[in-house]
Number of protein chains: 2
Amino acid sequence: MSRPSELTRHALIEAATAVFAEKGYEGGSVRLITHKAKANQAAITYHFGGKDGLYREVLRGALHAFDEYSLIDEAALPDMDRDEALRLFLRQQLIPLVKRNQLSRAVRLFNWEMLKRTDIFQELIALEPLPILTTAQGIVDKFLPGTASPEERTIALIWLVNQAYIFVRDYEHLSKPPTNLAFDEDFVERLIDMLARMLGAALAGLHRPRQQKGPAGTGPRLFTA
Amino acid sequence: MSRPSELTRHALIEAATAVFAEKGYEGGSVRLITHKAKANQAAITYHFGGKDGLYREVLRGALHAFDEYSLIDEAALPDMDRDEALRLFLRQQLIPLVKRNQLSRAVRLFNWEMLKRTDIFQELIALEPLPILTTAQGIVDKFLPGTASPEERTIALIWLVNQAYIFVRDYEHLSKPPTNLAFDEDFVERLIDMLARMLGAALAGLHRPRQQKGPAGTGPRLFTA
DNA sequence: TCCTGCCTCAAACGCGCGTTTGAAATTCAT
DNA sequence: ATGAATTTCAAACGCGCGTTTGAGGCAGGA
């Protein structure tokens, strides 16, 4: 660890994590990263083989941060109340709005990957499932009955995972006119509460009787025009 | 219109609309656009003052396409059943999944603007409200009682607008492993139905008692886990 | 015919990007 | 201390980007 080479390695990963979390993979330039890390541009190629290798290391660190700092104990999830689990899940995802720590940077990184998937990310999660996804799947399973189709489960999963990211994505837009939302802790608490009620109702509503209005699934095609 | 200059002008706008709808503003290069339009690169600067001017024209066309081809008659909205309005709204937003027409390209353009807001877009909607937003606001108003706070209305609006885009964003990811969703018309119909039920329940659940687990209307009790 | 405004074109400009180069500096084992 | 391996460094390379240049084509009126 004290070997001088490890020093710049660590500084690069640290700087890259901050930059990629803020700007995404494409938006984060090696010039900015090396400047923040007080290192030479060539160091990235030397230590990581290139920008992609550095990003892979950053993603690994983010996955590790989830193991370490996650609000949700994966093992305790099955025994949890489903509304409580939903709230915990939302709180974890909305952390970047009020905190700046390792967990919030990890959430931001995964948020970017939701928007623009990277091959590097794709390969990484092919080996090991993303913690957020397994958690979300667990929550969905608490709401959907065993009779739900795989397709329904998949849609619900994708849907749930994206719910909090709507507000994480770029809250700077929302805090300026015409929206003017103030993202302080009180607001985020209200947001979590409101979202928890909405998402809970949405998921709970899934295995209720369908719309009485008509045969929704096989109804007339309106896409012809 | 038949003046030779109008010909390349129109070809440029046409090509630019397709390119920007597919790749967004930053991702769409003038070289690709001019190649598609069989025009010279300098023509963009000549006719529109630059890439931004061309994009402004594309956005104007998209707004016009909404006026022209929208599935939702803004005037008829207040008298519509709220679930029906929700379904129509979702159908309109999910059109890009199954059709490639002017409306679907407009939806895609606005989808990109949801992800990465452009100054050009920002200025445009400052003058005139976005049709999608007013429609969504109308639907939210159908669900939320007059007693709801402005903050709640705002959050619900932002939330609703983003719901369909989750699936529009990049359905190519979802149609490949490990998701493997087939985006044919039948599937999109089922998706609309499922989302309509979920979002309807979510919005309707908002002006119900808060996280009380008691009231019988809110859903099944959580005796299980 | 000549001129004048409109329009097109190939080429080049300046910039930021990720990466490579080759030598200097530093570290480490012998 | 010495030689080899490791690590840093400033500079440059090649590429794609949006834009500019300046010459040239092409009308229509005097």
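Author: Happy to! Let's start with one helix. Helix H9 of chain A, residues 150-163, has 14 residues and reaches 20 Å from its first C-alpha to its last, close to the 20 Å expected at 1.5 Å a residue. Keep in mind that this is a predicted model.

Reader: What span should the 14 residues of helix H9 in chain B have?

Author: At 1.5 Å a residue, H9 of chain B should span 20 Å, and its end C-alpha atoms are 20 Å apart, which agrees.

Reader: How do I read which way the residues of a helix point?

Author: The general idea is that an α-helix has 3.6 residues a turn, so residues three or four places apart point the same way. Now look at the case here: the buried residues of H9 in chain A are A:Ile155, A:Ala156, A:Trp159, A:Leu160, A:Val161, A:Asn162 and A:Gln163. In H9 of chain B, the buried residues are B:Ile155, B:Ala156, B:Trp159, B:Leu160, B:Val161, B:Asn162 and B:Gln163.

Reader: What do the buried residues of H9 in chain A pack against?

Author: They pack against H6, H8 (131-143), H10 and H12 of chain A, together with H10 and H12 of chain B. For H9 of chain B, the cover includes H10 (165-168) and H12 (185-204) of chain A, along with H6, H8, H10 and H12 of chain B.

Reader: And how should I think about a nonpolar core?

Author: In soluble globular proteins, nonpolar side chains tend to be buried together. Here, the largest nonpolar core has 118 residues, and those touching the most other members are A:Leu199, A:Ala202, B:Leu94, B:Leu199 and B:Ala202. The largest share of this core, 11 residues, comes from H12 of chain B.

Reader: Which residues does B:Leu199 touch?

Author: Leaving aside residues up to four places away in sequence, B:Leu199 touches A:Ala202, B:Leu86, B:Leu160 and B:Gln163.

Reader: Is A:Lys116 buried, exposed or partly exposed, and why?

Author: A:Lys116 is partly exposed, because 17 other C-beta atoms lie within 10 Å, whereas a buried residue needs 20 or more. You will find A:Lys116 in the loop between H6 (102-115) and H7 (119-127) of chain A.

Reader: Can we finish with chain A as a whole? How many helices and strands does chain A have?

Author: Chain A has 12 helices and 0 strands. Buried residues make up 36% of its 225 residues. Among contacts in chain A with a separation of 6 or more, 67% come from residues 24 or more positions apart.

Technical notes. Residues are numbered from 1 along each chain as its sequence is written. Chains are lettered from A and ligands numbered from 1 in the order in which they are written. This is a predicted model: local features need pLDDT of at least 70, side-chain atom pairs count only at pLDDT 80 or more; totals for chains, interfaces and linings use all residues. Helices (H or I, at least four residues) and strands (E, at least two) are DSSP runs, numbered from the N terminus. The expected span of a helix is 1.5 Å times one less than its number of residues. A residue is buried if 20 or more other C-beta atoms lie within 10 Å of its own, exposed if 12 or fewer, and partly exposed in between; C-beta atoms are placed from the backbone. Two residues are in contact if their C-beta atoms, placed from the backbone, lie within 7 Å. A nonpolar core is a set of buried Ala, Val, Leu, Ile, Met, Phe, Trp, Tyr and Cys residues joined through C-beta atoms within 7 Å.
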